[in-house]
Amino acid sequence: MNFEPDEEQRLLAASVARLFEDHGAQPSADPVRQWRDYRDMGLLGLPFAEANGGHGGRFEDVMLVMEAYGRALGQVPYPAVALLAGRLLEAAGGPTAQALLAEMIAGTKRVALALYEPGRRYRWDDPATAAECDGEGWTLTGAKIAVLGADRETVLLCPATTAEGLRLFAVPAGTAGVAMEMLPTPDGRQAANVRCDDARIPAAAEIGDPARNPALIAAAVDGAIAAACAEMVGAMERLLGLTVDYLGVRRQFGVAIGSFQALQHRAADMLMAIEQARSMTIHAVAMLDAPAAERTVAVAAAKALVNRSSRFVGQQAIQLHGGMGLTAEYPAGRYFQRLTVLENLFGDTGHHLDIVERAGV
């Protein structure tokens, strides 16, 4: 499947690539400054409709941004904040969600979706976290793990089980009864484990409604999975470039090892895997507006194939680099770490193949 960017999209891709590369070249990253750069370039508003204060970007535009993000090993939590939690706020609507979305687009507040729980792997639709209403507000009890994009200033979007179904609450991280443990991820980013012990939140903190929330969360997650696939494609593309460059300068028996036909074939196999992953990602992005069942299957199929491609490309790159590929000073290992984290984000290969199998595709 082919996707040819138009002139406007090519300009967007070039602009964000320069921004991300500049960020990656900074010896000491300033996440506050980088987030402000995202805002100033319009990336925080890109995925959202103009009526909601955004810039009306298309899914294909976001895919190009995420490929550039993956090539540069972006560090600020743009996918988790804007492409997951932000899209959920836009879909939910209502005064609280709209106010939070406006603050997020303005760069003054971050939001993070606290989706997964201990012992439940990738299941989010039946949370053990519970909320009880006393007529004046809600009491929230439960635990969430690996909340990407969260820090101690973040507003957490927390799904919880109630008698009426799955409700969604906007919970500031500093709320009394909310404890947060910050943890580094294997690829150098940050996540949080969160525990709510009888955390009191006002009635106005609820967003969405129990009847629609599961479908809204599922759509936001599918969009975030497609974005993760695009990020993986960008990271694989850069990793292949590093590998080919290395094959051209590493010498053995008096010649560059890139002249060995067997190694050329392995590099060609890496390129084929990347192009297959890109095609499946394009298909998944094109299906994000499809009916829910078709969308989820298309996204799951894409994630399963991109996962396999990323594992293959990463392993081939490390093998072709030899010991150099695992040194801390050389970037190939960092790209492999990022791909490994993304491979398991929102579901590993087996999880997504199960979704496709259950659909009978």
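What percentage of the 361 residues in the protein do buried residues make up? The share is 52%, where buried means under 20% relative accessible area, exposed means over 50% and partly exposed lies in between, with a 1.4 Å probe and protein chains only. The model is predicted, so local features need pLDDT of at least 70 and side-chain atom pairs count only at pLDDT 80 or more, while totals for chains, interfaces and linings use all residues. Residues are numbered from 1 along each chain as its sequence is written, and side-chain values use heavy atoms, with hydrogens and water left out.

View 1. The elements are DSSP runs numbered from the N terminus, helices being H or I with at least four residues and strands being E with at least two. Along the principal axes, the C-alpha atoms fill a box of roughly 80 × 50 × 40 Å. Of the contacts (heavy atoms within 4.5 Å) with a separation of 6 or more, 70% come from residues 24 or more positions apart.

**View 2. The hairpin of strands β4 and β5.** Strand β4 covers residues 155–162 and pairs with β5 in the antiparallel sense over eight bridges, pairing being assigned if DSSP finds at least two bridges between two strands. Two residues stand between β4 and β5 in this hairpin, and T161 has L166 in β5 as its bridge partner. Strand β5, at residues 165–172, has six of its eight residues buried, so it is largely enclosed by the rest of the structure. Strand β4 is mostly covered, with seven of its eight residues buried.

**View 3. Residue A163 in the loop between β4 and β5.** A163 has a relative accessible area of 82% and is therefore exposed. Although A163 and L239 are 76 residues apart along the chain, the separation to consider in this view is that of their C-alpha atoms, which is 49 Å.

**View 4. Residue D269 in helix α7.** The helix spans residues 261–286, and D269 counts as partly exposed at 44% relative accessibility. Between the C-alpha atoms of D269 and F312, which are 43 residues apart along the chain, the separation is 9.2 Å.
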